[in-house]
Amino acid sequence: MTLRTETFILNAGPQHPSTHGVFRMRFTLDGEVIQDVEPVFGYLHRGIEKLAEGLTYSQDIVFTDRLDYLASMTNNQAYVLAVEKLAGIQVPERAEYLRVIMAELMRISSHLMAVGFLLNDIGAFLTPLLYMYREREKILDLYDMVCGQRLTYNYMRIGGVSQDIPEEFVPALKRFIDSLPRFIKEYEQLLETNEIVLIRTKNVGTLSKESAINYSAAGPVLRASGIKWDIRKADPYSVYSRFKFEIPTGIKGDVYDRYRVRIEEMHQSIAIIKQAMEQIPQGEIQTKVSRVLKPAKGEAYGRIEGPKGELGFYLVSDGGTNPYRLHVRPPSLINLTALRELLIGVKIADAMAIFGSIDICVGEVDR
Amino acid sequence: MTLALQIAQLVAGLEKSVPGSVTESGGNIIVVKPESLFKVLSDLKTNKEWDFNYLSFMTAVDYQTYFEVVYDLISLEHNQEVLVKTRLTDREKPVLPSVISLWKGADFQEREIFDLFGINFTGHPNMKRIFLWDGFQGYPLRKDFKQS
């Protein structure tokens with residue numbers, strides 16, 4: 001006698017603790033095995049690209065804060081870079097160094113969250129995440145000192161940054177940077193000797209080199225699959241060509257490698273911040289830019305290596321005060337393209353581990 | 001990218017493989033005819049001389065008299081970048097071939113362009129709105145879209 005079986009539809013999200021925001025996945029299951037998955041977007045679609053067309057270039061900076069809200073600083077940086085490219089604006093050296101320091105702190109903060117939430121997703125509920133929050137809190141305190149904001153900074157402006165660092169910033173940053181390696185080591189000791197973490201991450205959600213390239217994966221997801229590609233080296237912007245740092249890569253491209261790459265990148269960010277603190281010159285932090293900017297007719301694309309991958313802004317100007325078109329290259333959305341292939345044939349219990357290892361922010365997926 | 005693209009060489013190479021496809025070029029931008037777009041992109045990807053194996057992003061712009069669709073290609077091997085553009089004058093039923101067979105990374109981006117500009121990509125396995133709901137009228141990123 002044959003048993004009649006049928007597939008089962010499981011809906012995860014949009015309100016779900018493991019979907020990192022309002023994101024929904026529609027699984028088709030055969031028993032415990034995923035046969036198909038359809039990601040459903042749009043629950044946080046605010047039409048930022050359309051709204052940006054109705055505001056001036058400097059007003060649009062505040063919208064970029066609300067894309068990937070766990071990495072607002074780097075969003076600011078990518079946008080002002082594109083505007084500066086479009087309008088041909090030079091940025092003072094000190095401002096460039098300040099941008100690098102803030103961006104690398106943001107990378108550490110975003111990677112802490114990525115690792116913390118990943119562990120949360122694989123069952124280490126909240127405890128490791130709170131360790132990560134402890135360090136992130138110190139970064140937010142540093143940002144608070146600089147610009148009075150903890151989440152949406154609006155710190156980087158066209159032609160520089162909004163304000164110079166206060167006196168107490170440098171000693172606080174030094175304290176933080178000196179203490180961080182010890183904390184990262186602590187995470188590693190707690191997690192990488194934990195057999196459950198290893199079993200649940202190693203050889204799970206493997207993305208091959210060829211697939212990673214074909215799926216336009218970027219950032220840690222691309223590097224974990226063994227591709228040495230980092231915009232900071234491939235297309236150096238700001239003053240990144242002056243720093244010595246490595247590009248950490250993985251071998252297999254599994255969940256564990258993606259986690260490892262993020263941990264290693266935090267070490268590299270610490271190295272960059274240390275060099276930047278040594279090299280930072282005195283001087284201006286803002287060039288004179290007219291309040292209502294009118295770049296000449298044309299287009300520009302500015303890209304940076306954001307914490308989640310290549311973040312770029314494609315801007316078109318018609319000579320007016322507002323961008324004619326603003327397009328965001330969202331690393332979160334494009335990295336998700338590979339999700340379907342990663343999940344098909346996998347047990348449902350691993351779905352959240354794989355999804356968590358991609359590290360998305362729905363603010364950037366839906367825009 | 002750290003290596004400047006030899007655009008004249010690239011255009012000459014394309015003239016040989018897909019004759020008459022490039023209408024304009026300059027900097028790292030080439031503009032190609034929509035009917036030869038797929039051939040050009042597939043040549044840029046597979047020709048080892050260029051090896052543009054990575055689709056960085058794709059998007060569209062509404063210039064009112066025409067739509068421009070932009071493909072940003074990167075060669076991870078040679079560290080070079082090229083922007084391939086194509087122009088569609090038909091506002092009623094703009095159509096382009098899907099490039100999913102070349103780069104699977106185009107999947108959501110083509111759906112996004114369809115959702116916000118109404119440009120259809122033939123050969124896409126799941127051509128439907130991505131951010132807006134199915135009953136939504138109009139395409140918001142078109143310049144003639146009326147905001148209520």
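Angles under 35 degrees count as roughly parallel, over 145 as roughly antiparallel, 65 to 115 as roughly perpendicular and the rest as oblique. Axes are lines fitted to C-alpha atoms, for helices over the stretch in contact, and angles run from 0 to 180 degrees between N-to-C directions. Helices (H or I, at least four residues) and strands (E, at least two) are DSSP runs, numbered from the N terminus.

Residues are numbered from 1 along each chain as its sequence is written, while chains are lettered from A and ligands numbered from 1 in the order in which they are written. Because the model is predicted, local features need pLDDT of at least 70 and side-chain atom pairs count only at pLDDT 80 or more, whereas totals for chains, interfaces and linings use all residues.

**Two helix pairs in chain A**

From H6(A), the residues Ile177(A), Leu180(A), Pro181(A), Ile184(A) and Glu188(A) meet Ile263(A), Met266(A), His267(A), Ile270(A), Ile273(A) and Lys274(A) of H11(A). Two residues are in contact if their C-beta atoms, placed from the backbone, lie within 7 Å. The contact of H6(A) with H11(A) has eight nonpolar, one polar and two charged residues. Here Ala, Val, Leu, Ile, Met, Phe, Trp, Tyr, Cys and Pro count as nonpolar, Asp, Glu, Lys and Arg as charged, and the others, Gly among them, as polar.

A second pair is formed by helix H4 (residues 93–121) and helix H14 (residues 348–358) of chain A, whose axes come within 8 Å and cross at roughly 175°. H4(A) and H14(A) are therefore roughly antiparallel to each other. On the H4(A) side, Phe117(A), Leu118(A) and Asp121(A) meet Met352(A), Ala353(A), Gly356(A) and Ser357(A) in H14(A). By class, the residues of this contact divide into four nonpolar, two polar and one charged.

| Helix pair | Axes come within | Crossing angle |
|---|---|---|
| H4(A) and H14(A) | 8 Å | roughly 175° |

**A sheet in chain A**

An open sheet of three strands in chain A has the order S1-S2-S3, with antiparallel pairing. Two strands pair if DSSP finds at least two bridges between them. Strand S1 (8–12) and strand S3 (33–40) of chain A are the edge strands, each pairing on one side only. From one strand to the next, the twist averages 20°.

S1(A) is joined to strand S2 (residues 24–30) of chain A by five bridges. Within this pairing, Phe8(A) has Leu29(A) as its bridge partner, and Leu10(A) stands opposite Phe27(A). S2(A) and S3(A) pair over seven bridges, and Met25(A) has Pro39(A) in S3(A) as its bridge partner. These two strands form a hairpin with two residues between them, and Gly31(A) in the turn has a positive phi of about 65°.

**Residues with positive phi outside glycine**

Asn203(A) has a phi near 60°, a positive value in a residue other than glycine. Asn203(A) is found in the loop between helix H7 (195–201) and helix H8 (209–214) of chain A. With 11 other C-beta atoms within 10 Å, Asn203(A) is exposed. A residue is buried if 20 or more other C-beta atoms lie within 10 Å of its own, exposed if 12 or fewer, and partly exposed in between, with C-beta atoms placed from the backbone.

In chain B, Asp51(B) has a positive phi of about 60° although it is not a glycine. The loop that holds Asp51(B) lies between helix H2 (37–46) and strand S3 (54–62) of chain B. Asp51(B) counts as partly exposed, with 17 C-beta neighbours inside 10 Å.

**Chain B against chain A**

In the contact between the chains, 22 residues of chain B touch 27 residues of chain A. S3 and helix H3 (107–117) of chain B are the elements that give two or more residues to the chain B side. S3(B) gives the most, with six residues. The chain B side has 13 nonpolar, six polar and three charged residues.

H3(B) is mostly covered, with ten of its eleven residues buried. Its buried residues pack against helix H12 (331–336) of chain A together with S3, strand S4 (67–75) and strand S7 (120–122) of chain B. After H3(B) comes Gly118(B), whose phi is positive, near 75°.
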